[in-house]
Amino acid sequence: MGLVGALIHLILAIHYGYGIHVYLFGLHPPEEFLKHRVPFGGPFKYLTFWDMLVQFAYFTLAFINDIAGSNTAIYKNQTKLQRLRDFAFSTVVFACGVFVTVSFWGIYAVDRNLIFPPIFDSWFPCWLNHNIHTTPLVGVSLELYMVPHSFPKRQTGLFAVASFYLTYLVWVCYIAYASGHWVYPILAHLPVGGRVVFISLMSVLASLFYLLGEGMNNRIWGTQIKAHKMD
């Protein structure tokens with residue numbers, strides 16, 4: 001991977017870091033929007049912000065590993081830093097990154113009012129929208145093709161993904177209970193039964209993305225990883 005990979009990791013870390021800074025301190029929503037905004041939870045009520053933090057932390061970790069860790073498919077030769085990098089990517093980072101991009105643009109294509117109403121266009125920069133909702137898929141796809149990752153046992157990986165999303169869903173439900181408002185307009189439009197179905201489908205989709213990452217990693221790097229495991 002070498003210098004090019006390290007440079008890409010650094011660029012993505014800076015990209016996300018700057019996006020987080022602008023998201024937190026550089027946006028100035030109109031009063032009309034603030035009147036209807038749910039202040040409870042701040043930016044931490046959005047999965048997209050969670051994902052920004054996850055992606056920023058990951059690519060920062062990956063860059064540090066490029067400098068001070070290892071990049072080998074031979075498990076016994078891997079540093080703890082690389083093992084942490086691989087576990088993070090194979091579970092939360094890949095699945096969350098793909099989920100955010102696919103779910104956001106999928107709902108946006110059906111009815112943008114359910115996820116990103118037109119009122120956002122006047123004060124939410126287009127580049128920041130893509131920073132948050134498009135770059136995750138691009139970033140994790142590049143990472144998957146650039147670097148071989150050791151995935152954990154499937155049940156361990158699925159448990160990690162499920163734990164992450166369950167934590168977020170409990171948080172979203174608590175916000176709705178405490179504030180009387182749902183974080184996402186689509187949940188406010190659905191009846192109780194519809195919310196259960198929607199959340200269940202999203203949970204299944206997140207699990208499928210983990211399996212997708214595992215399958216693609218094996219398809220791209222499987223022969224190399226298996227060969228090294230035999231050494």
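Trainee: Why do H3 and H7 count as oblique to each other?

Mentor: Two packed helices are described by the angle between their axes and the distance between the axes. Here the axes of H3 (residues 47-68) and H7 (residues 154-179) come within 11 Å and cross at roughly 140 degrees, so the pair is oblique. This is a predicted model, where local features need pLDDT of at least 70 and side-chain atom pairs 80 or more, while totals for chains, interfaces and linings use all residues. Residues are numbered from 1 along each chain as its sequence is written, and side-chain values use heavy atoms, without hydrogens or water.

Trainee: What do those terms mean?

Mentor: Helices are DSSP runs of H or I, at least four residues, numbered from the N terminus. Axes are lines fitted to C-alpha atoms over the stretch in contact, with angles from 0 to 180 degrees between N-to-C directions. Under 35 degrees is roughly parallel, over 145 roughly antiparallel, 65 to 115 roughly perpendicular, and the rest oblique.

Trainee: Which residues make the contact of H3 with H7?

Mentor: From H3 come Leu47, Trp50 and Val54, and from H7 Phe164, Tyr165, Thr167, Tyr168 and Trp171 (contact means heavy atoms within 4.5 Å). They divide into 7 nonpolar, 1 polar and no charged. Nonpolar covers Ala, Val, Leu, Ile, Met, Phe, Trp, Tyr, Cys and Pro; charged covers Asp, Glu, Lys and Arg; the others, Gly among them, are polar.

Trainee: What angle do H3 and H6 make?

Mentor: The axes of H3 and H6 (residues 135-146) cross at roughly 30 degrees and come within 11 Å. H3 and H6 are therefore roughly parallel to each other.

Trainee: Where do H3 and H6 meet?

Mentor: Asp51, Gln55, Tyr58 and Phe59 of H3 meet Pro136, Gly139, Val140 and Glu143 of H6. This contact has 4 nonpolar, 2 polar and 2 charged residues.

Terms used. Helices (H or I, at least four residues) and strands (E, at least two) are DSSP runs, numbered from the N terminus.
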